[in-house]
Amino acid sequence: MAIIQAILDGLMIGGVYAVISIGLTLVFGVMGIVNFAQAEFLMLGMFVAYYAWAWLGLDPLLAAPLAFAVVFVLGALVHQVMIRRVLKAPAVAQIFLTVGLLIVLENAALLMFGSSFRSVSTPYQTSALQLGSLFISVPYLLAFLMSVASGAALWLFMRTSWFGRAMRATAQDPMAARLLGINADAMHRLAFALGVALTAFGGAVILPYLTVSPTVGGQFVVLMFTVVVLGGLGSVAGAVVGGLSVGVIQSLSALAFPIQLQNLVLFVVFIGVLALRPEGLLGGSR
Amino acid sequence: MILGMTSRKAVFVAVVLAIALVLPFTIDPRGYTIRILCLMLLFAAMGQAWNIVGGLANQMSLGHAAFFGIGAYTSTLLLIHFGISPWIGMIAAGIFGGVAAFVISLPTMRLRGHYFALATLAFGEVMRVIGNSWSSLTGGPVGVSVPFAKPSLAMFQFKDTLPYYFLMLAALIVVTIIFVAIQRSRIGYRLQAIKENVDAAEVIGVDTTRTKIFAAVVSGVLMGCLGTFYAQFQYFFDPDTVFGVASISVRVAMIAIVGGIGTAIGPILGAMFVIPMEELANQAFSAQAAGLAQLVFGALLIVVILVEPRGFVEFGRRMVRRFRKGASR
Amino acid sequence: MTEKKGGYQAGLTRRSAMMLAGAAGLSAPFVARSAFAQGGTVNVGVIMPLSGANAQFGVNSRNGVQLVADEINAAGGIKSLGGAKINLVIADSTSTPTTAASVAQRLVTQNDVVAILGAFASSLTIAISEVTERRGVPLLTMSFSDQITGRGFENIFQVVAKASVLGKAQFDGTVAIAAASGQKLERIAIMYEDTAYGTSQATGLREGAKAAGVQVVMDDAYPLGITDVTPLINKLRASGAQAVFPVSYLNDSLQIIRAMRQQRIDIPAIGGAAGYVIPDFEKGLGEYAEGVLSISPANYDLAPEYTERFRKRFGYFMVHEALEHAVCMDVLAQAIEVAKSTKPDALRKALHDTRFEGGWTKAMTGGAVKFDKTGLNTLSVPVMVQWRDKELATVWPDNVAKTKAIWKS
């Protein structure tokens, strides 16, 4: 029974991990850049949702699209001003640009929003559904459903819309895409903005059960990377599989190992996957 | 050629060395400036050690803190439990650092680029979690203090900061010599080949595995020894500090990259920029608003990377080319 | 042959020269600065984490010190030094002990601070103390890791009880309160963040339980920044504990209480200060904060005539770290008055020998502050507080309690 509860909890939170991490893998898939500042956009999404709640009374789940939109614009701006310029630079420079961005975003948030931890109060925060002896936390469930919805929307977008297919084309073969008249720079901007906006969406969705502060991003960085590596850097479906896997692994490991070591188990799995199958469970595009 | 350098370069190095040797006597031997200079030298040495893997082997490691922390804990625990002099402890620290580097090399052998970076990042974090949870060995998150001892060279403790300066300077020189030695040796050639094109290197018979492991182990040994330096300088550390991603791993990589990855002088320039810059930002801005100092620092970093992604050395070379183009008119 | 002037080498030499000039510039002030106060100013260093994860607590602490410094200056400054005004030199320790130590060194050398107050987090404080001890500069703190006063240092002064004492009091106080309501505790659960704060306090809790013969049915550390506490709460539910002692910061404290409510775990939760005793806790939980108990090194309702001034100026009740730093500032000022000088030896002696009464020391338990040889304030006793009507009320020990604790079993 405890195992079923753990798997259930793991899947629900894994869905959230997936949505948060899809953006990271999308950016890498299309641009080849690992965005170390990705988690900071999570924080920004959470803040947008928080203020939507504080000033407009909007439930964070409803504010999630707003967070998406705001961070989308911000992401496009960041790409235009910074990311674009290091596309041809060595990987080390790309990574360090995003590290600098991380520092800037975190401290800008500190300056703008102050250091306090903010939490929202929603009516369902302390509710759980009970099925027999299983508990399903309502905030988790809602976050999971929102994640599934946004994941499905992204999938549809990537499969059917022109932009989605153009992005995939750019990821697959930039030269050929250009020959077909696709503006690679615009696709990159779209991918980046979309990627960080999705992470922000995920942030808004988890706000009901977490608190937001300028440093909340740091809690998710390693998690996000584990997810995308597990699933395969560049594979959106991989991020989903990776997210669910990470959630379940984290949850199950608490049954066998001390909770303090839950990250250790994750890292060992992470290194193991990299050693044995670096392209991840579903990877292969890069 | 003197020591493999052109005479112009040798003169330059000699001048810089002379300044470095004389400078500390002009300032307060227990003051703030000399402390910053010590940290600068130490981080330059660490950046140089990283440079062996990151620059010569082109493997971007974000987990070098693992070796550093292992070194710091090894020598300090030996000191606390057995009263062993930190110098001997440092040998052990280097050995363990090298072993750790060997261990992490095995699963990451065939990884490149971002994958390698992430794998090493995970390894560094593994060490940090172990450091935090294995309290009976490491003292846990509370950290360890180097026991107060009478100042002496044998026990690597001094009242003034001045002796530390010279020891750090010596460390930097040693690490740089090792870097240059590797760079110019046959191993260096092989590393260069691997850097250019791993597959081609394999085809012409370079044992890429052995070469990469060699670079990693040397780097690990050096980082371990430098961990001892840090412990004896700061007198206190905890797992988050010595195994920290931001405080050590990313910082040493940043220093080498900002200065000029793969060059001998890169980490030195990088440390000369990064360390004082952060302190100056703190001094100027931290009292005014929470987060402002760090923001300025981060913004500066971005500007530096955008202006010249390949670091100061490359920036300097660009300026030279531009100047030369102008002069030849 | 044209000489290769300028360009690469000269450029670097220029850069080196700039660095040297910078270094010289940095060191110049220490020579020029006037030594200690002569009816002028007394420089007091304040090093707090003003960025990073502990920024909120750093800001609170700084506010506490600021309040008292301003009060002292408004009342005429340090009288025994001819009305010398206190000048706070505030700096960000960041969250890295290496930087904290450098900052301390800078304040001592360049700003001639007579003492330093800081730095909330034990690891930062310990790093700073390695600098201040070697320079003979007094360091006053409310960090409570056992290590702080356990190294035989002469220049460290801690105004609150040690972490292990805090942890033990967290347990003993709970037992007393439960007993007063007729419940005998037999099985408890401990969960704590794996930071220095969480770990050392958990040690105290364990010792308290052992001494009282109470069974610890769950004893789990969890990583700082945990994003999902359900495994913890599942384990708690299965453990059959009668009370749970979580030692957490705000992010996890809210998660824990909410998850407990979700799973209808109604056992009393007794927090370990930090995340449980700040206004954001109540703001985040609303009605669910009511009745939550916590241990605290000090509480503002012990001396409202002082602590209300903080609320008036900053808009929130005086959190314990602000209060304790305010006490540090007051104690320092009193020590300077007694010593009639800011020379390190005199100041240290005054800090060790004097029993500080009056002023903000009234806000500490015992109504006074007295440091022993190791630098520990032996008069400080941890108190149990309870959330009542959005305020923290002191409920234990009985001699300082403002109201009777409500215990829901």
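Between chain C and chain B, the number of salt bridges (a side-chain nitrogen of Lys or Arg within 4 Å of a carboxyl oxygen of Asp or Glu) is 0. The model is a predicted one, in which local features need pLDDT of at least 70, side-chain atom pairs count only at pLDDT 80 or more, and totals for chains, interfaces and linings use all residues; side-chain values use heavy atoms, with hydrogens and water left out. Residues are numbered from 1 along each chain as its sequence is written, and chains are lettered from A and ligands numbered from 1 in the order in which they are written.

On the side of chain C that touches chain B, two or more residues come from each of helix H1 (7-32), strand S2 (85-92), helix H3 (97-110), helix H4 (122-135) and helix H6 (196-212) of chain C. Helices (H or I, at least four residues) and strands (E, at least two) are DSSP runs, numbered from the N terminus. H1(C) provides the largest share of this side, 13 residues. By class, the side of chain C comprises 19 nonpolar, 19 polar and 11 charged residues; here Ala, Val, Leu, Ile, Met, Phe, Trp, Tyr, Cys and Pro count as nonpolar, Asp, Glu, Lys and Arg as charged, and the others, Gly among them, as polar. In total, 49 residues of chain C and 47 residues of chain B take part in the contact (heavy atoms within 4.5 Å). The buried area, that is, the accessible area (1.4 Å probe) that two parts lose on being put together, summed over both, is about 4400 Å² for chain C and chain B, with 62% given by carbon and sulfur atoms.

The interface of chain B and chain A brings 37 residues of chain B into contact with 40 residues of chain A. About 3400 Å² is buried between these chains, and carbon and sulfur atoms give 85% of that area. B:His114, B:Tyr115 and B:Leu118 supply 21% of the area that chain B buries against chain A, more than any other three residues. Helix H5 (113-133), helix H12 (245-259) and helix H14 (292-307) of chain B each contribute at least two residues to the side that touches chain A. H5(B) gives the most, with 12 residues. This side of chain B divides into 28 nonpolar, 6 polar and 3 charged residues.

Within chain C, two cis peptide bonds are noted. One runs from C:Gly118 to C:Ala119, with omega near -10°, and C:Ala119 lies in the loop between strand S3 (115-118) and H4 of chain C. Another runs from C:Trp396 to C:Pro397, with omega near 0°; C:Pro397 is placed in the segment after strand S14 (391-396) of chain C. C:Thr94, a residue other than glycine, has a positive phi, near 55°, and is located in the loop between S2 and H3 of chain C.
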